[in-house]
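Please take me through this structure in the viewer, one selection at a time. Say what to select next and what is there.

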Amino acid sequence: MKFSNKYLPVILLFLAFLVGAFFRFYKLGETPVGLYVDEASLGYNAYSVYKTGLDEYGKWLPVMFRSFSTFQSPIYSYLLIPVIHFLDLSIFSVRLPSAFFGVLSIPLLYLFVKQLVIPAKAGIYSSDSKLKYFPLVAAMFLAISPWHINYSRTAYEANIALFFLLLGSLFLFHALKRSWFFLPAALSFVISMMAYRAEIIIVPALLVVFVLRYSGALISEFKQRLTPILISLVLSFIIFLPTLQIMGTPGFRARSSALSIFATSGQRPWGANEGKGLVHELQNNHQVLATREFLSLYSSYLSPRYMFSLGDSGPRLPYAGMGTFFVWQFPLYLIGLYFLIKERDLIDFKYFVFTLLLISPIPAALTRDPYSTLRSLPLVVPQILIISFGLVKPWEILPAFSSKLKFSVVALLVIFSSVRMFISIFYFNDYFNSKFWNYGWETVVKEIPNLNPQLPIVVDSSRGDSYILMLFFLKYDPALYQRENFEVSASDYYTSLTRSDTKKLGNITVKSIVWGPDTDEAEQYLVADYLAMSEVQIDAHNLTIIKEIPFPDGKVALRILKTNPKPK
Amino acid sequence: MKNLLFCVSTILIFIFWPLSFILASRADSVTFIIAALVLLVDRLLYLRNYPYHYFTFLVLPLLHPAYLFFPVIAILFHRSDIKKISLVIYTVILIFISLFSWKTFYAYSIFTPDPLAFDTLNKKISLIPNRNLARLYHNKTDIFQDKFKSNIFTSLDTNNYFFALHPREIFENQNLHKLPFPAIIPFLMGLYFLIKSKDRAWIASTLLAGIFSIALINNQDKFDLILYLPISLTCLVGLKKIFTLRQAYYLLFSFIFLPLSIIELARIIFN
């Protein structure tokens, strides 16, 4: 065997890993510029637990972290504790676990695809088989996936959950040969479910399909498999038990109840009209309309318009000018789908891809947000596998062109797309999207030491939870914060959703600024965004601008002002 | 019973889009209805094996210049069946028509100047430090490319036909309910089985010609009625397939499809 043939897959995998690592780690603490409040909440709560064992609300080692009026899955915050121990609390350290698991997902996907493809087709890895490059292509496409990179560069729990979902799937297929692999599979799946709620639907559904598909194999060696399966189930149950115990609480259900399209309270389903009478009742049946909305949302996750053109509608999510996938991948997606439906040999692979493809959009489609790439993140795997299959499969059946030519075309596409993405992430994203990333709060905190320490500071919170950004960037002592503020008792932690409007951070008060009492009557500093404190209001209330913090596009993001009350 | 269910399902699929269109549109919509009827005429001629049926496509740019590229694209799919002399006549007529249509087509097309998009593009170019890189990745063709891409994917979006473009409706668009949403089942089946259908050549050629020609128009709204026949026929292919399955399957389908489609029909009539 030629040297190049022997080591080429390893070299290409390493290259995919390097490219993936570059896009996930380069300027991680700087781009996206600013910090989203959910990221700040994950980071500060981890910091608080690290320092005191309690979260910002004074709850000892929470099963779910209270985050404003909802709850965050705990895995990310607990993973952050060792990171904070070594690297301190910063934007970089908060995003590090996501980037780390994002990069690890690349070789993991390679191993998983290899695992699924090898036993299915005898001799598939022989030097003449074109499908031997399939796992590599999949790994490379994941490495340059705008969708996956987006969530790897920001602190979102969904990315960790996806890694453990893949890891669990890999172990699960290994377990068909060696039963003790059921144990790490179960552990990975439980971590995945605890890391992000969408996986609470996806993992069981995946397991049901797995059991149905491999029922014959599982029953045939039932005695040998029984002990590992039982131990895995019991262990998983024990680990998941604390989460199960709080699943019925208002806190756990708050987000899903508010977002669910099937909820009878709150926003009515899409297309519902006001009116009375039998015809109206028939037309506006809640369940029918909710089902129609669910189907419309579900089909959007599989629609090329959303995948290759629109992308996510969220303000922080799509990179400027890019969809979820590259446009040139669209024909590959169609080709891949066609060949995968027709495929007769790779049955395990086919089952896995179609199962994940059809299951992954369900949790996201149950909520109102259109094409939420966050809630449907596991979908990136089957869609990338289909696209990769669409590239590799025709190579096997098309007339033989020069291998070098084929490689050159793919390499050119990868390089072209990588540069395009580089431009979009590092030149455009901060310019166009900085206002959605709470840009400027770090500068505000840096400016505080220059202010008169005798004067109180009032930070406006009328347009978001700015207190968490202040806590994060100040690295405010968690023990002190817990003493100064009370929002909910430990016993009501998961049940009461009441919130306090005012937060105290020493001489800093975070609350909605009240015009008059706050602006005209007391001598103090005010910190507010450009909407809260316009030029007209500054003049009207005789405020002095101490500092203006501009967005990258030059418009004012935040202002630090000083009041000038008239002497009484 | 089976025939009755099939007929009612077919009628529901075929009347939905035109009815929805007429109820939502104003007087200027007659042109688009006639354009869809032109395709119906072509279809009938095609079924009768009339060899020069494709000449009907030339009526479309006369109805509305924005359809200028339909006959250009559609003929590409028929070129193997066409005699040389016919092709020459077809081309000459087309060139003649385009002399009158070009200006109006340009006004409706994605090539018409868009100052807002141009400003955004200039801003993007200015953000890239390397001029050559900027020229390669973000140049004037971006505006047309983005619009063309957006139009193509809108035409390929199943939500466009079955869910009125929900959840991402288009501003300044009727966002029409084109087909009852349960019709997505026969449509997807129809797409899959289209390759085995004897209608595949006509459906695929008109569908692709329609999609590509209206992709060149700035706002596809109403112009997309040209896709009515190929889309509905694709549903019909699927519907036929469903009714060849076992009784339980087509009864289950009818049990879901008929009441929901009738409710959907009532919604477009009464709202």
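Start with chain A and colour it by domain: in this predicted model, the domain assignment gives domain 1 as 3–31 + 90–433 and domain 2 as 441–562. Domain 1 of chain A is therefore to be selected as two segments, since the bounds follow the domain assignment.

Domain 1 contributes eight residues to the contact, and domain 2 contributes five residues. On the domain 1 side, show α12 (250–259) and α20 (403–433) of chain A, each of which supplies at least two residues. Of these, α12(A) is the one to zoom in on: with four residues, α12(A) gives the largest share of the domain 1 side. Now colour that side of domain 1 of chain A by residue class; it divides into five nonpolar residues, two polar and one charged.

Then bring up chain B and select its contact with chain A. Here 23 residues of chain B meet 28 residues of chain A. On the chain B side, display four helices, α6 (115–127), α8 (141–155), α9 (158–162) and α13 (247–270), each supplying at least two residues. Stop at α13(B), where five residues make up the largest share of the chain B side.

Finally, apply the residue-class colouring to the side of chain B that touches chain A. Twelve of its residues are nonpolar, six are polar and five are charged.

Note on methods. Residues are numbered from 1 along each chain as its sequence is written. Chains are lettered from A and ligands numbered from 1 in the order in which they are written. This is a predicted model: local features need pLDDT of at least 70, side-chain atom pairs count only at pLDDT 80 or more; totals for chains, interfaces and linings use all residues. Two residues are in contact if their C-beta atoms, placed from the backbone, lie within 7 Å. Ala, Val, Leu, Ile, Met, Phe, Trp, Tyr, Cys and Pro count as nonpolar, Asp, Glu, Lys and Arg as charged, and the others, Gly among them, as polar.
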